[in-house]
Amino acid sequence: MAAAGSIPTRPRAAFSEIARIVEAALFARRPVGAEGWQQARGAYERFAFRDAWA
């Protein structure tokens, strides 16, 4: 999805941010912590909410 040209730039960048955080937690076993959670939550809003796709 991060490279899908059919997805607008803002939600595509937000998805990339979410993926980076999740992959670091899962594969590198880095703790996400409160700051990481807030970053992922903000990125989710930029990805999923209607305004991101307008």
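Visitor: What is the secondary structure of the protein chain?
Guide: This is a predicted model, in which local features need pLDDT of at least 70 and side-chain atom pairs count only at pLDDT 80 or more, while totals for chains, interfaces and linings use all residues. Residues are numbered from 1 along each chain as its sequence is written, and side-chain values use heavy atoms, with hydrogens and water left out. Helices (H or I, at least four residues) and strands (E, at least two) are DSSP runs, numbered from the N terminus. The protein chain comes to 2 helices and 0 strands.

Visitor: What share of the 54 residues of the protein chain counts as buried?
Guide: A residue is buried under 20% relative accessible area, exposed over 50%, and partly exposed in between, using a 1.4 Å probe and protein chains only. Of the 54 residues, the buried share is 20%.

Visitor: How far does H1 reach from its first C-alpha to its last?
Guide: Helix H1 covers residues 9-27 and has 19 residues.

Visitor: Within what arc do the buried residues of H1 fall?
Guide: The buried residues of H1 are Pro11, Ala14, Ile18, Ile21 and Ala24. The arc is that of the directions from the helix axis to the C-beta atoms. Seen down the axis of H1, these buried residues line one face of the helix, because they fall within an arc of 160°.

Visitor: Which helix do the buried residues of H1 pack against?
Guide: Contact means heavy atoms within 4.5 Å. The face of H1 turned away from its buried side carries the exposed residues Thr9, Leu26 and Phe27. The buried residues of H1, in turn, pack against helix H2 (33-48).

Visitor: Is Gly36 buried or exposed?
Guide: Gly36 has its place in helix H2, and its C-alpha atom is separated by 10 Å from that of Ala24, 12 residues apart along the chain. Because its relative accessible area is 8%, Gly36 is buried.

Visitor: Which residue forms a salt bridge with Arg46?
Guide: Side chains of opposite charge can pair when their charged atoms come close. A salt bridge is a side-chain nitrogen of Lys or Arg within 4 Å of a carboxyl oxygen of Asp or Glu, and the structure holds 2 of them. For Arg46, which is partly exposed at 27%, the closest N and O atoms of the pair are 2.5 Å apart, and the partner is Glu17. The pair links distant parts of the chain, 29 residues apart, with Arg46 in helix H2 and, in helix H1, Glu17.

Visitor: By how much of a helical turn are Glu45 and Arg41 separated?
Guide: Glu45 forms a salt bridge with Arg41, the closest N and O atoms being 3.6 Å apart. Glu45 is partly exposed at 34%, and Arg41 is partly exposed at 32%. Because they are 4 residues apart in helix H2, their separation is about one helical turn.

Visitor: How much accessible area does the patch of Val22, Leu26 and Phe27 have together?
Guide: Patches are made of residues with over 30% relative accessible area and no salt bridge, joining like charges within 9 Å and nonpolar side chains (Val, Leu, Ile, Met, Phe, Trp, Tyr) within 5 Å. Accessible areas come from the Shrake-Rupley method with a 1.4 Å probe, and for residues only the protein chains shown count as cover. Val22 is partly exposed, with a relative accessible area of 38%. Together with Leu26 and Phe27, Val22 forms a nonpolar surface patch of about 340 Å².

Methods. Expected span 1.5 Å × (residues − 1).
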